Amino acid sequence: MLQKRALMNDTRLLVPTGSGYSLRKSLRQNRTLILMCIPAIVFFFLFCYLPMPGAYIAFTKFNYNKGIFGSPFVGWKNFAFLFTSGQLTLLLRNTVLYNIAFILLGNFIPLLCAILLNEIQASWFRKVTQSIMFLPYFISAVLVSLLVYNMINYDYGFISNIVRQFGGAMPKYYSQPGAWPFIIVLVYLWQNVGYGTVIYFAAITNIDTSMIEAAKVDGANGFQRIRYIILPCLKSTLVILLLFAMGNIVKGNFGLFYNLVGGNSLLFGTTDIIETYVYRALMNNFNFSQGSAVGLFQSVVGFVIVLVANGIVKRIEPDYSLF
Amino acid sequence: MAKKIASLLLAFVLALGLVPAMAETADAVDYTQWFPGVDTSEHVVLTWLVTGNIPTNQTNEALAILNEKLTAAINAEIQIEWIEWTDWQTKYNLALAMQDGTVDMIGTATDWLDAWPNTQKGAFLPMSVEMLQTYCPQTYASVSQEHWDLCKYEGDIYLIPEDNYAQWTNHGFLYRGDYAAEAGLDGIHSWEDMGVFFQYVKDNYPDVIPWDADGSGSSYSDQMLGGWLSSKTGGINIEGFSVPLFFGASTADPYTLSTFFLEGDALVDFATLMKSWSEAGYWREDVLNYTGDVKAEMKEGLTAANQHHTQTWKTERYNIEKLIPGSDVGFFWFGEESQTLVSLNITHGALAIAAQSDAPERALMAYDLIRNDPTFYRLVNYGMEGQQYYVDENGFMARPDTYLDESVQGVTFNFWWGRNDNLELRSAVVDWEAYDALTAVYDAVKIDYPYGQVVFNTDEISVEMDNLSNVFRTYAPVICFGKAEDPVAYVAEFRQALKDAGIDAAMASVQAQIDAVYK
């Protein structure tokens, strides 16, 4: 019963199905919702669909004067560079493993934080905590990299100085590739947990309070309420966020990696992702066609992964699939 | 109605007031003689793409005066589109790629601003001789035929070279001369001297980092490796590639490619020396991620050396001396040991006209005036006379007492695309004695850039070049700052990676293109 009521909150149920379905009727019925969607639709149309024909640049030898469609067609030539580099396996491995860590930890920890926040009664404390957690999200990757450098650099870093004060030996992080998966994931979480927490917290506050009160009346304790009410209600949000994230699993967070690692090639073995490699290889000759070819490759792979993941979700729990 | 008449009268009076001013400007020099028969009846606004940060000083005031003069002379005015220094390479190339007719004039260069790759990608307008003779007559006459030939791609002229301006941008180390003297050195003249100097600073000045290199993203590796190569093997850098792997073998044999990166001990020696410098602590441990301002640090006495070029030394010697009297900043130039020095390519600075420009003729006319007319030239290069500069009794360009800081009182056009020694004023704030002494040494050994007639085409080897670029950017900084555990093994690994990335094919293609022109 509780699950059913939770599903009633799902806006997708507002679209009527069955033989009596009529588009006009549906539009009229949901006009407010559709109106609210228009800015997003316009945004995606302008910035995602309208430029799509430009992907043709990946198949051309781009000439500035002739434009994208006037430039000579060269077929798959621009895709060759990534596949002949001998680095693709390493790059894919790094990119995908980092993203898996980001997706799993980046959803699990905010979920946990949101549940914990929800249990806090003092609203001022909740608000302050949320704001402090949210703050790092707005700091640019450039500043984050400076912060990290000034914390952990060997000669003059803040932590290095403290360690030395206590007679310890500071590890040379900027020469140790093995340390960076942990540092990068930690920095990512520090920046993003606050944002994710707000999303999950919003989903929790959307849960019908009468369910939680009914559970209290029935004698459910805090853990039981989380286990049987809150978590099941958050399942659809979690699945949708995960599915969205899957689409970008072969796309790296360029800003974070590029700024944290920079040109320090000692660390490339564990930190080089597709974006940073492409940037390094193409930054000197500004080959927009090859850059676009890599982008297109990532998008196509991402699209296939979303289709597969959505198919799996659909088979297990059809209500949670995207389409 | 009365209001309308009053405003008309006012406009008339104002217009009358302008007449003498316009007459005065136009009378000073009759610019119609520069461009006989050219129709300038339509007013045009020209956009000029220039690298540099947006000025916060008096540039707008000077630009207003410049535009007033340009309007009077050729009925045109200029607005500048600045490509700021943060990520300038990306922004510059993107601005060229997005040509929509809004840009007319482009400051460019074949060595540091990708002029030839951009020419090949269709960014610039081919200029005919007739066009240059008509709209850029003074410049056309002043540039020799030989120099015009070096500005051609597939038979057409694409660049106007800055070929009458003596400057040296060869790299080396600026170092504190006072410390070098204390270390018992009579100037620094070799990499080995440099090591002695660093060790002296390390031992005697614990608060000074011998060379606090900002090695993040390290472009130092290009100069350091190239500098070692020219010092130890006499090799000559060949411009026009996305990655500095191609050098002529020596001044005696410039048309055979150097194999420095592929075999021999020179690279291994460099890697080993840099490893020892790194372990001795001549730069900070995390140098590859450090982004400080070494130039400013040197002025504050926090570091004893800076790796840059002669032109920087020319100005910094004076600036540092002012702040640290007795600092006596010297310059060790790469190539000194083998006496290898190549004159600056004439297209180290050049002007191109945008392929999509709506007013290429007027753009050429404006450039011709700025490059060749003393009034325009001084305004753009030095500022407003009396306000930014004056000519002192010795004929030097001096700054008034009110001129304290270039970023506040100065004028910044970054006109690096057509400076002209015929109109240059010598600055009063340069140690000319030291500079002239150094350039006399340069003049004695310099050779002309030997590859000016080839515009290299990398279409056939683009995949190899991209992969080589990545290999170089991966290995070179580690070698340059001595960060490999075992430098000898690391060089071997680097060489294998270059082979795997296709250096043999790339070198064969470059060699064939050189042979086609010179052999």
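Student: How far apart are the mean positions of the positive and negative charges of chain A?
Tutor: In this predicted model, the mean positions of the 23 positive and 10 negative charges of chain A lie 10 Å apart.

Student: And which residues gather in a patch of positive charge on the surface?
Tutor: The patch is formed by Arg24(A), Lys25(A), Arg28(A) and Arg31(A), and helix H2 of chain A, covering residues 23–29, contributes the largest share of it with three residues.

Student: Take Arg24(A), then: buried or exposed?
Tutor: Arg24(A), which sits in helix H2 of chain A, has a relative accessible area of 68%, and because the cut-off for exposed is over 50%, Arg24(A) counts as exposed.

Student: Switching to the fold, how many helices and strands does chain A have?
Tutor: Chain A has 15 helices and zero strands, and its C-alpha atoms fill a box of roughly 65 × 65 × 30 Å along the principal axes. Of the 323 residues in chain A, 37% are buried, while the chain exposes about 18500 Å², with carbon and sulfur atoms supplying 69% of that area.

Student: What about Met211(A), where is it?
Tutor: Met211(A) belongs to helix H10 of chain A, residues 209–217, and is buried at a relative accessible area of 2%. Its C-alpha atom is separated by 9.4 Å from that of Arg225(A), which is 14 residues away along the chain.

Student: Which residue forms a salt bridge with Arg284(B)?
Tutor: That is Asp212(B), again with 2.9 Å between the closest N and O atoms. The pair links distant parts of chain B, 72 residues apart, since Arg284(B) lies in the loop between helices H11 and H12 and Asp212(B) in the loop between helices H9 and H10. Both Arg284(B) and Asp212(B) are buried.

Student: How exposed are Asp515(B) and Lys519(B)?
Tutor: Asp515(B) is partly exposed at 27% relative accessibility, whereas Lys519(B) is exposed at 61%, and their side chains meet in a salt bridge at 3.9 Å, N to O.

Student: Last one: which residues are linked in a network of salt bridges?
Tutor: Lys172(A), Glu285(B) and Lys483(B) are linked in such a network.

Methods
Residues are numbered from 1 along each chain as its sequence is written. Chains are lettered from A and ligands numbered from 1 in the order in which they are written. This is a predicted model: local features need pLDDT of at least 70, side-chain atom pairs count only at pLDDT 80 or more; totals for chains, interfaces and linings use all residues. Side-chain values use heavy atoms; hydrogens and water are left out. Patches are made of residues with over 30% relative accessible area and no salt bridge: like charges are joined within 9 Å, nonpolar side chains (Val, Leu, Ile, Met, Phe, Trp, Tyr) within 5 Å. Accessible areas come from the Shrake-Rupley method with a 1.4 Å probe; for residues, only the protein chains shown count as cover. A salt bridge is a side-chain nitrogen of Lys or Arg within 4 Å of a carboxyl oxygen of Asp or Glu. Lys and Arg count as positive and Asp and Glu as negative; His and the chain ends are not counted. The place of a charge is taken as NZ of Lys, CZ of Arg, CG of Asp or CD of Glu. Helices (H or I, at least four residues) and strands (E, at least two) are DSSP runs, numbered from the N terminus. Buried means under 20% relative accessible area, exposed over 50%, partly exposed in between (1.4 Å probe, protein chains only).
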